[in-house]
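Hi,

Here is the structure I promised to pass on to you. Have a look at it first, and then read my notes below.

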Amino acid sequence: MQHVVIALLSLAAVAGAVAARRRFVVVRVAGTSMVPTYQPGDRVLIRRGGRAVPRRGQVVVFRRPQPGGAASPGRASGLRRTEWLIKRVAAMPGDRVPDQVAPGVHAAPGDVVPAGRLVVLGDGPTSRDSRHWGYLPVSEVLGVVIRRLS
């Protein structure tokens, strides 16, 4: 009986570790677009988002947009082969398009962010973000930054 209990506990621990790996990812920050919040080389813990839309003000990690702001052509088979970016959500679907982003998304005054899209901006002054490549499809978001690890 004791062997069965130990085997079940071991199985539960393995299942928990597998579930955690699917839910959380560690990403290393490259570049200066999020300085001073995150420095190049910082490691951050990401909670994978599933179907939830990130909230305004959260920092997200997402697949690099294709030219013209289009979604990436299909999912990469592995996280390591994908180029990821990190930015802060400035506006969500239904929010008014921020003035500094309006030219990049061809928005008129008072326009709102369309459904399924986000406006993301870097914290640093030289960030390439929605001002340059337009709206970010929510489907490209890997997850939300929970905390800095290093």
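**Notes on Asp42 and its surroundings**

A polar atom of the Asp42 side chain lies 2.8 Å from the backbone nitrogen of Gln39. The side chain of Asp42 also makes a polar contact of 2.6 Å with the side chain of Arg148; a polar contact is a pair of N or O atoms within 3.5 Å, where within protein one must be able to donate a hydrogen and the other to accept it, and residues adjacent in sequence count only if both atoms are side-chain atoms.

Before going on, please note that this is a predicted model, in which local features need pLDDT of at least 70, side-chain atom pairs count only at pLDDT 80 or more, and totals for chains, interfaces and linings use all residues. Residues are numbered from 1 along each chain as its sequence is written, and side-chain values use heavy atoms, with hydrogens and water left out.

Is Asp42 buried or exposed? Asp42 counts as buried because its relative accessibility is 9% (buried means under 20% relative accessible area, exposed over 50%, partly exposed in between, with a 1.4 Å probe and protein chains only).

Where does Asp42 sit? Asp42 is in the loop between β1 and β2 (strands are DSSP runs of E, at least two residues, numbered from the N terminus).

Those two strands, β1 (residues 24-28) and β2 (residues 43-48), pair antiparallel over five bridges (pairing needs at least two DSSP bridges). Val27 is opposite Val44 in β2. Strand β2 is also joined to β7 (residues 141-148) by five bridges, again antiparallel, and Ile46 has Val145 as its bridge partner in β7.

Enjoy exploring!

Technical notes
Helix = DSSP H or I, 4+ residues; strand = E, 2+ residues; numbered from the N terminus.
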